[in-house]
Amino acid sequence: MPRRGWPGIAYIQPVGTRSSGIRCRGRAADPGHHQQYDCTKLQSEALNRRNFNTLFWHHPDGVFSLSPGGRITAANPALAVLTGYGIEALLTRPAVSLAAAADVPELRRAFRQALAGAPQTRDLNCLRADSTQVEVQLTLLPQIADDRIAGVHGIMRDVSQRRRDERRIVYLANHDPLTGLPNRNLLQDRMQHAIEQAHRHRTRLGVLFMDLNRFKVINDSLGHDKGDQLLGVVADRLRKAVREADTVARLGGDDFGVLMEDVKHADQVRLFATGLLEAICKPVDLDGQTVSVSTSIGAAMYPDDGADPGALLKHADLAMYAAKDAGLGQFRFYEAEMNVRALSQLWREHGLRRAIADGELVLHYQPRLDLATNRLVAVEALVRWEHPERGLIYPASFIELAEEIGIIGSLGEWVLQSACRQIRAWRDLGLHPIKVSVNVSPLQLYSEGFCDVVARALAQSSLEPGTLELEITENSLMENIDTISIGLDALRRLGVGMSIDDFGTGYSSLSYLKRLPIDTLKIDKSFIKDIPGDEDDAAIVRATIAMAHSMQLRVVAEGVTTFDQVWMLKAEGCDEIQGYLLCQPLAPAEMESYFRTCALRGIQYAWAH
Ligand code: C2E
Ligand code: MG
Ligand code: MG
């Protein structure tokens with residue numbers, strides 16, 4: 001029976017002897033031999049001092065003995081490798097010198113307790129000879145000789161890789177791998193914690209919910225790599241915009257959330273959200289391709305709008321939908337009525353799918369006036385959703401959803417057919433032939449067979465292709481010009497007109513425009529709004545008209561509301577105007593009476609007879 005020093009494993013005592021009571025019980029290694037055994041038996045049967053010596057020298061963990069004074073009296077080669085000291089240098093060294101300064105008190109405590117007979121296990125940082133640190137799991141066991149504790153045995157295991165793996169697992173469980181932002185899990189944890197703090201200190205919290213408008217279109221048209229790149233840029237912008245104490249999280253897809261802690265007043269949240277809209281809604285350059293970004297933000301406050309993370313997020317989400325309903329780039333606080341309307345995504349999806357089938361979609365029409373002849377030359381078809389409970393819903397709140405859930409194709413086809421049918425009906429009533437312009441989503445243009453859809457709609461209403469003009473926004477054109485231009489060429493061959501909508505809001509260059517088979521350019525209403533007073537806008541409008549004309553494009557000014565705007569546009573040679581000055585978009589019957597009475601407004605007869 002070994003008595004002294006390593007490698008006695010002296011604390012293993014024959015069962016039944018008086019000792020510190022430490023007894024080793026385990027299962028036999030042979031799975032077919034499950035009987036319980038005593039270490040004592042093993043000791044006597046198989047392991048002798050030489051075996052223990054072998055174990056000691058070859059054990060992959062650092063194994064050592066400490067004197068009652070805490071100095072190392074034996075150390076195996078693995079400990080030398082782990083600590084970076086040679087075995088010689090380890091002997092007589094105080095064990096505490098192997099611990100990082102912050103862990104020394106803990107090591108002392110563990111040592112004292114082991115010396116008092118209680119085995120100890122601790123996670124510590126070991127200070128290596130080269131002053132680097134390594135995470136170890138340290139086990140200290142009383143070393144018993146002659147029925148008394150003669151020192152302490154130690155096992156030091158390098159757990160740095162395991163801890164790194166564990167931390168990585170925890171990180172991955174709590175972060176979004178693409179942006180590195182906290183995920184929904186972590187945000188909810190932080191919200192829970194923040195709610196407890198806010199409850200204690202009687203402060204408030206702000207929870208913001210936002211998504212990127214038309215992200216799906218960008219993702220589908222530019223490819224997922226660019227989509228991911230865009231999400232990364234937005235995540236960076238968000239990170240930069242928030243205070244240090246706040247948490248930004250990616251909640252999935254293009255949804256992001258922000259937790260604002262220690263909020264004194266709701267205005268603080270409003271101010272922050274408005275700043276955020278501005279910070280995010282700047283164009284993004286994706287490897288030379290400029291993409292515009294916009295978002296809508298909804299916010300819910302603790303404790304006013306919810307008492308737990310789930311309720312707060314849900315209400316901020318509802319508020320975001322209300323913000324979307326108000327148009328692009330808007331912010332809304334949650335209001336109780338929003339809950340009643342229950343604008344959940346699922347509800348909307350279901351509703352929109354049903355809307356097409358149940359005939360809840362309608363088209364309104366807004367006329368375009370030729371400034372040279374003072375004649376109505378076209379109407380733009382604008383889709384609306386006549387919701388049985390919510391009333392008229394505008395396209396800003398459902399076109400993107402239709403794109404996302406993959407029904408923009410059928411919605412767009414319905415719009416094309418209805419618009420063509422309407423023009424046919426007006427013609428049959430004797431209306432002077434006018435064109436109809438229909439807005440199309442880039443996803444329609446990408447889809448195979450779109451040309452056939454257009455041709456069919458025209459043929460069904462016996463209209464010549466020149467009656468139809470397709471409007472595509474400048475932004476969506478720029479998103480994937482190469483694919484789109486193939487689609488546009490085919491449509492052009494069919495003979496339909498093509499216009500760029502909302503011109504000026506995208507970032508197209510002239511060289512790009514030249515490559516496209518377009519014939520009309522519609523200047524966005526944001527440039528028309530303040531002319532002729534605003535000199536910058538006036539200069540932009542002037543230059544745009546000149547540029548368009550040099551490329552043989554017709555120019556339509558959108559959103560015209562005053563005669564001053566008309567005079568200036570006329571003077572600059574703008575071809576057509578559209579806007580509330582003429583009339584708001586009207587239902588077909590109202591549009592018909594507008595046609596009948598437009599002469600009274602100084603507008604040329606739109607009727608042939
Ligand atoms: P848009 O094609 O630029 O249509 C003009 C928008 O400006 C319409 O909004 C119209 O009501 C509004 N508007 C017209 N005159 C004035 C004015 O004087 N002042 C102001 N402030 N606004 C004016 P609406 O109908 O809400 O449509 C918004 C957008 O939704 C459209 O912008 C178009 O991009 C899209 N959209 C509409 N119908 C369809 C459709 O059938 N398919 C697709 N893909 N998009 C559509
Ligand atoms: Mg349009
Ligand atoms: Mg427009």
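Analyst: A donor is an N, O or S atom within 2.8 Å of the metal (3.2 Å for Na, K and Ca), and because water is not among the atoms, sites may look incomplete. The model is predicted, so local features need pLDDT of at least 70 and side-chain atom pairs count only at pLDDT 80 or more, while totals for chains, interfaces and linings use all residues. Residues are numbered from 1 along each chain as its sequence is written, chains are lettered from A and ligands numbered from 1 in the order in which they are written, and side-chain values use heavy atoms, with hydrogens and water left out.

User: Which residues coordinate the magnesium ion (ligand 2)?

Analyst: The magnesium ion (ligand 2) is coordinated by Glu380 (OE), Asn439 (OD1), Glu471 (OE) and Asp501 (OD), at 2.0 to 2.2 Å. In sequence, the donor residues of the magnesium ion (ligand 2) are spaced E-x58-N-x31-E-x29-D. Glu471 lies in strand 19 and Asp501 in strand 20, so this pair ties together parts that are 30 residues apart in sequence. Strands are DSSP runs of E with at least two residues, helices are runs of H or I with at least four, and both are numbered from the N terminus.

User: Is Asp501 called buried or exposed, and is Asp502 called buried or partly exposed?

Analyst: Buried means under 20% relative accessible area, exposed over 50%, and partly exposed in between (1.4 Å probe, protein chains only). Asp501 has a relative accessible area of 5% and is therefore buried. Asp502, at 22%, counts as partly exposed.

User: How many residues surround ligand 1, and which are the closest?

Analyst: 23 residues surround ligand 1, the closest being Glu380, Arg384, Asn439, Asp501 and Tyr580. A residue is near if one of its heavy atoms lies within 4 Å. Strand 16 gives the most to this shell, with four residues.

User: What makes Lys522 and Glu471 a salt bridge?

Analyst: The side chains of Lys522 and Glu471 meet at 2.6 Å, N to O. A salt bridge is a side-chain nitrogen of Lys or Arg within 4 Å of a carboxyl oxygen of Asp or Glu, so the pair meets the rule. Lys522 lies in strand 21 (residues 520-523) and Glu471 in strand 19 (residues 468-473), 51 residues apart. Lys522 is buried, with a relative accessible area of 0%, and Glu471 is buried at 1%. Lys522 and Glu471 also belong to a network of salt bridges whose members include Arg368, Asp370, Glu380 and Glu558.

User: How many salt bridges does the rule give, and how do you know that Arg167 and Glu135 form one?

Analyst: The count comes to 35 salt bridges. The closest N and O atoms of Arg167 and Glu135 are 3.0 Å apart. Arg167 lies in helix 6 (residues 160-174) and Glu135 in strand 6 (residues 133-145), so the pair ties together parts that are 32 residues apart in sequence. Arg167 counts as partly exposed, at 46% relative accessibility.

User: Why is Lys264 called exposed?

Analyst: Lys264 has 59% relative accessibility and therefore counts as exposed. Its salt-bridge partner at 3.2 Å, N to O, is Asp262; at 41%, Asp262 counts as partly exposed.
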